[in-house]
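I hope they are handy.

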Amino acid sequence: MNEILMMTLQHLFLSLQGVFWAILAGIPLGWVAYRHESFRSFIFTVSEWLQIFPTLALLALLLFVWGLSDTTLIAALFLYSLLPIVTATHAGLVGISPSIRESALGLGMNPWQFFWRVQLPLSLPHLLSGIRIALVTAVGITTVGVLVGAGGLGKPIWRGIQTQNTPMILSGAVPAAALAICIDWAGQWLEKRSTPWKRDHGQT
Amino acid sequence: MNAGLIFSAFLRHLELCALSVGLGTVTAVSLGIYLYYRPRAAAFWLGVTGALQTIPSLALYGLFLPILGIGLFPAVTALFLYSLTPILRATLVSLKEVDPALTEAARGMGMDRWQILRRVLLPLALPGILSGIRMSTMYIISWATLAAFIGAGGLGDLVLGGIYNYDIRLILAGSLPAVLLAFLCGLAFDRLARRLSIPGAANHE
């Protein structure tokens, strides 16, 4: 039991690492896509192509770069998480009405303040939903990471499939499924919490 | 490595995807139409298919293995379940987006519910539904490579072989046809959507 818990935590931690780097890179990329029309289609096309590239194949190709290691998996997670985060950032920024922009600038905010205090909080619901989708997907991809030597819950599933050992399969598959569903729920709950103005609106 | 081997893996891949997306389309579109008339049940079913969608594919294969064994059947079952959500969501959204004035007008012209569905709602919602099927298809083509884990064959077999033998040619032989297939399917759906969209109707991007 303890071992399963350890593997689940390891699984979560690996997924979080991949998504973390994607957030760091994805928010600026989403912002660039928003500000510069010419970059937009390029960024979107590249991340869309990455998205349809089969998981197994991407992992296999990265294997030749980083070998059998967690790094290979994290690199793949990073690449897959980019699209949801970039599109979410972009959607969040586009959704902010120009009048808000004008009043913020009229208040004397500089572009940096405007980003931190207006754009980012207002696009937070979109961003959170992008991060949730990325993280749920990442939990799925991490199970396949066993093939490139990464840890996590993929190991017992894979070993169990090969040795036809049902309890072993379940010891990986059930926590992996539960982890994904819990993250999905927690994310949706957070998204609701992140828009208090909408909730108030609903009550009145 | 020979071309025949790649081609037969490709055909098997196509078979996996066509079966699961085909079944998924029939099920999700019918369910979507049904839920359009019963909005209260819609949230529940979207929740169910959404939860299925979040389950990692390797975990789902693992959960099915003791019940369904290995091979084509469990792989198609899992891929079918994954294909549902985008199509169901697209069907519901596009049906709801049809201008109520149009259905009112149709009713005023004396159409019954079935006629309204067949001659007004569905034609107008079709481009939206197609974009859902397109999305499912592209994801399923990518996910079907994982079916190799449970002995269902397909292009994933070549990639797995490449990992075991540390042979990059095998990996490319498995992945490039899959990417190409997804790309071509995407193009085909775009063309189909353009041909089937009704001039003057709300344009679906």
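**Notes on the two chains**

1. Of the 205 residues of chain B, 45% count as buried; here a residue is buried if 20 or more other C-beta atoms lie within 10 Å of its own, exposed if 12 or fewer, and partly exposed in between, with C-beta atoms placed from the backbone. In chain A, buried residues make up 46% of the 204 residues. Please keep in mind that this is a predicted model, where local features need pLDDT of at least 70 and side-chain atom pairs count only at pLDDT 80 or more, while totals for chains, interfaces and linings use all residues. Residues are numbered from 1 along each chain as its sequence is written, and chains are lettered from A in the order in which they are written.

2. Both chains can be described by their helices. Chain A has 9 helices and 0 strands, and chain B has 8 helices and 0 strands. Helices (H or I, at least four residues) and strands (E, at least two) are DSSP runs, numbered from the N terminus. Along the principal axes, the C-alpha trace of chain A spans about 65 × 45 × 25 Å, and the C-alpha atoms of chain B fill a box of roughly 70 × 35 × 20 Å.

3. A word on contact range. Two residues are in contact if their C-beta atoms, placed from the backbone, lie within 7 Å. Among contacts in chain A between residues at least 6 apart in sequence, those joining residues at least 24 apart come to 75%. For chain B, residues 24 or more positions apart account for 74% of the contacts with a separation of 6 or more.

4. A kink of about 60° lies at A:L124, shortly before the proline A:P125. The bend at a residue is the angle between axes fitted to the seven residues ending there and the seven starting there.

5. Now the contact between the chains: chain A brings 29 residues and chain B 28 residues. On the chain A side, the elements that give two or more residues are α3 (55-66), α6, α7 (154-163) and α8 (166-193). Of these, α8(A) gives the most, with 9 residues. That side has 21 nonpolar, 7 polar and 1 charged residues, where Ala, Val, Leu, Ile, Met, Phe, Trp, Tyr, Cys and Pro count as nonpolar, Asp, Glu, Lys and Arg as charged, and the others, Gly among them, as polar.

6. How enclosed is α7(A) by the rest of the structure? Largely, because 7 of its 10 residues are buried. Among the buried ones are A:P156, A:I157 and A:W158. Their cover includes α6 and α8 of chain A together with α3 (57-68) of chain B.

7. A:Q164 lies in the loop between α7 and α8 of chain A and has a positive phi of about 55° although it is not a glycine. A:Q164 is exposed, with 12 other C-beta atoms within 10 Å. In chain B, B:Y166 is found in the loop between α7 (155-165) and α8 (168-196), with a positive phi near 50° in a residue other than glycine. B:Y166 counts as partly exposed, since 13 C-beta neighbours lie inside 10 Å.

8. A:M7 is buried, with 20 other C-beta atoms within 10 Å. Not counting residues up to four places away in sequence, A:M7 touches A:G152 and A:L153. The C-alpha atoms of A:M7 and A:G152 are separated by 5.0 Å, although the two are 145 residues apart along the chain.
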